[in-house]
4 protein chains.
Amino acid sequence: MAALTDPLSALQELNRKAGFNVWAGIEVLHAESGAVVIGMPWRIEAGQYTGFLHAGVIAALIDTACGYAAATQAGLSLLAVHFSVNCLRSASGERFEAHASVVKAGRNQFFTRCELYAFAGQGRSLVATGETLLNVVATS
Amino acid sequence: MAALTDPLSALQELNRKAGFNVWAGIEVLHAESGAVVIGMPWRIEAGQYTGFLHAGVIAALIDTACGYAAATQAGLSLLAVHFSVNCLRSASGERFEAHASVVKAGRNQFFTRCELYAFAGQGRSLVATGETLLNVVATS
Amino acid sequence: MAALTDPLSALQELNRKAGFNVWAGIEVLHAESGAVVIGMPWRIEAGQYTGFLHAGVIAALIDTACGYAAATQAGLSLLAVHFSVNCLRSASGERFEAHASVVKAGRNQFFTRCELYAFAGQGRSLVATGETLLNVVATS
Amino acid sequence: MAALTDPLSALQELNRKAGFNVWAGIEVLHAESGAVVIGMPWRIEAGQYTGFLHAGVIAALIDTACGYAAATQAGLSLLAVHFSVNCLRSASGERFEAHASVVKAGRNQFFTRCELYAFAGQGRSLVATGETLLNVVATS
């Protein structure tokens, strides 16, 4: 387990290797020890049938941001074991941001949490919250 | 709240209207009152950086299957309010299936659960479990 | 749905009617619109076999505090439908406090979250976090 | 990590050392590899203010049963890290039973699930479901 020395660059590079994140247009906007912000523009293929952001994409944003927040402190050898999402409001907007932070950094396990915001016009609203539990994986 | 009279056809039609599901290649394979099976082939854009199925796509499959299972009994006016996912094993395979069922059908709320299987060669393995709580939305 | 006019008194009175809360020595320490603090002293009957606070008592504190936080805004007609708990550290101490707040107040549903602290000597540590989803129950 | 050779006796002995379980009258009724049933009679001190079983006691039953189910395969060195509960119906009855089983037994982690039943007169109803994620703790 080793913290990332330049977390923003390291996560941006990692992010370019994740097929789903590239497809969805997910970008790493901010990273410091224990906290990360990622963003994504709206696109029709990210929607469910009523035109709101698909719960799977909501989960992808939350899970990705949580994993990146943990990675700033634990390095890249992490596996999500459990995550949950609260859908507070229908998620519609031109752009979305997930703000994640580390709640507890253990030797073997990281507890993280995240808020997902939708941006429409000048406004921002909290559309979902979530949390992810990650295991630190032993590397040889 | 009205059960779907021909759940398989109704859900397949609904599924074709969800941008994300069309993009991901999600198909409705089976539907009866209270139980649904959906499937999806592997594709590189559904992966995270190590080549396993992205947690967001896992969540999308589980959440979609759970919503469809509830819809067979409640109709289409449903909103997911909370869902959670357990990642039991790294999700890799040529194809994935999510098997969802209704645990409790309330007047205003449905509790559902789901198992996600990966198929590789001749074998099938349980890679994730999850559950979704849905609200029945009043329609005029 | 009606907010409590004097939330601290109303919740203290309600708390005295809950058999479990009286037995456990749970007290309402602070209440304002959307936020509540409850406390409880350690006792051997609240422990599991290694002498730490029992997960059930951790859940009771989190669920009670969350319900009370929602009640300050929604009144007493509330039902918990889902709750979850993260056990960050072994919960030992002389006294425990649960700090809960409302994340989203809907017409029919409240999303709440809670931090559980253990007090030992002069120190305080965060031992668990949790969240509760509550339905507002129609009253005649 | 070592499976219990006589799981029923070992868990009954362990159960007698947990202050909360003794107070609540929780008993281990059945235990085999990967599956456990525990029971508890109703008592007024286990109730919340409307006379239903307190969410904390619901959580205690689910978490205890899940932990015991994992212990049949992993031995007693286990720590719950996350658990969640779905409250399907108001929990009232003369007696309660929690039926837990192992979903996935890993080297370091156990995923478990549980159903909670209430018994009233001749009838039995499913009042809650839940799941617990447990870490296997290294012992020297």
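Biologist: Which strands does helix α3 (residues 55–74) of chain D lie across?
Modeller: Helix α3 of chain D lies across β3 (78–87) of chain C together with β1, β2, β3, β4 (95–105), β5 (109–120) and β6 of chain D. Helices (H or I, at least four residues) and strands (E, at least two) are DSSP runs numbered from the N terminus. This is a predicted model, where local features need pLDDT of at least 70, side-chain atom pairs count only at pLDDT 80 or more, and totals for chains, interfaces and linings use all residues. Residues are numbered from 1 along each chain as its sequence is written, with chains lettered from A and ligands numbered from 1 in the order in which they are written.

Biologist: At what angle to β4(D) does α3 run?
Modeller: About 45 degrees, with axes fitted to C-alpha atoms, for helices over the stretch in contact, and angles from 0 to 180 degrees between N-to-C directions. Contact is C-beta atoms, placed from the backbone, within 7 Å.

Biologist: And α1 of chain D, what does that lie across?
Modeller: Helix α1 (residues 7–15) lies across β1 and β2 (35–41) of chain D, at about 150 degrees to β1(D).

Biologist: What is the strand order in the open sheet?
Modeller: The 12 strands run β1(C)-β2(C)-β4(C)-β5(C)-β6(C)-β3(C)-β3(D)-β6(D)-β5(D)-β4(D)-β2(D)-β1(D), with antiparallel pairing; a pair needs at least two DSSP bridges. On average, neighbouring strands are turned by 20 degrees against each other, direction ignored.

Biologist: How many bridges join β3 and β6 of chain D?
Modeller: Strand β3 (residues 78–87) and strand β6 (residues 123–136) of chain D pair over 9 bridges, antiparallel. D:V85 stands opposite D:G130 in β6(D).

Biologist: Switching to chain A, what's the pattern along the sequence?
Modeller: α-α-β-β-α-β-β-β-β, from 3 helices and 6 strands. Chain A is as compact as a globular protein of 140 residues, because its radius of gyration, 14 Å over C-alpha atoms, is close to the 14 Å of the globule rule (2.2 Å times the number of residues to the power 0.38).

Biologist: Is A:E32 buried or exposed?
Modeller: Exposed, because 12 other C-beta atoms lie within 10 Å (buried is 20 or more within 10 Å, exposed 12 or fewer, partly exposed in between, with C-beta atoms placed from the backbone). A:E32 is in strand β1 (residues 27–32) of chain A.

Biologist: What is A:E32 in contact with, leaving aside neighbours within four places in sequence?
Modeller: A:P7 and A:T72.

Note on methods: Two residues are in contact if their C-beta atoms, placed from the backbone, lie within 7 Å.
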